[in-house]
Amino acid sequence: MSSYDDVTCKPFLLVTCYRNPLSGYNGYMQTNAPSVEEREPELGAGLLVDFLNTLDLDEGTDLLDDQAAFDTWCDERAVSAGDRAEARSVRDALRSFLDGESPSLPSLELETTCGDRGVALRARTAAEAAVASSVVLSIQGSMGRVRLCAAEDCRWAFYDRSKNGSRTWCSMGVCGNRQKARTYRAKPPAED
Ligand SMILES: [Zn+2]
């Protein structure tokens, strides 16, 4: 798939997720932790947001610069690292999509599988899992709730769980307050 339009145009309406992607962690880690090959990633907002946040503008770090750190990240989410350059282009394309642009996504082959709960996308690599999560969220009509913090020096990704879906900041306590303080300072002094 090469663009967001392709994603939305494909007949994915029968696709379901393995688990409710909006529910929290539901414990696929078991005591006898199976290998990555036997586990299925938990597709959905959590995985997508974490993937987008492998780039941390505030700290000036990119987890994808570090293969070992990325391997650990992937292992924790039951995906394989795949090609790091591909992961980076998927991430950067998804981030720019969230910025309102229409980037091309690298062409990925997403497998499908039939399970107890319907037909599902099967993602093996981090890049595939991020794209599959985006597809699932798009079908559910909730991709618009995945946002980047409005603060230019932050851009931390988050999933807006607010009732009215109007959250702008990663954290009202940090970026929201910083912006309020800036707005306040920018106002001319009140006349006495
Ligand atoms: Zn922020």
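This is a predicted model: local features need pLDDT of at least 70, side-chain atom pairs count only at pLDDT 80 or more; totals for chains, interfaces and linings use all residues.

Reply: The protein has 6 helices and 7 strands, and the part examined here is helix H4, residues 84-98.

Start with its length. H4 has 15 residues, which at 1.5 Å a residue should span 21 Å; the C-alpha atoms at its ends are 21 Å apart, so the two values agree. After H4 comes Gly-100, with a positive phi near 90°.

Next, its buried residues. In H4 these are Ala-87, Val-90, Arg-91, Ala-93 and Leu-94. Viewed down the helix axis, they fall within an arc of 165°, so they line one face of H4. The elements covering them include H2, strand E2 (55-56) and H5.

Now the wider setting. The largest nonpolar core of the protein has 38 residues, and Val-90 is among those with the most contacts inside it, along with Leu-48, Ala-126, Ala-129, Ala-130 and Ala-132. H4 supplies at least two residues of this core, as do helix H2 (45-52), helix H3 (67-76), strand E5 (118-122) and helix H5 (126-140). The element that gives the most is H5, with 9 residues. In soluble globular proteins, nonpolar side chains tend to be buried together.

Leaving aside residues up to four places away in sequence, Ala-132 touches Leu-43, Leu-110, Leu-121 and Ala-123. Across the protein, among contacts between residues at least 6 apart in sequence, 60% join residues at least 24 apart.

Note on methods: Residues are numbered from 1 along each chain as its sequence is written. Helices (H or I, at least four residues) and strands (E, at least two) are DSSP runs, numbered from the N terminus. Two residues are in contact if their C-beta atoms, placed from the backbone, lie within 7 Å. A nonpolar core is a set of buried Ala, Val, Leu, Ile, Met, Phe, Trp, Tyr and Cys residues joined through C-beta atoms within 7 Å. A residue is buried if 20 or more other C-beta atoms lie within 10 Å of its own, exposed if 12 or fewer, and partly exposed in between; C-beta atoms are placed from the backbone. The expected span of a helix is 1.5 Å times one less than its number of residues. The arc is that of the directions from the helix axis to the C-beta atoms.
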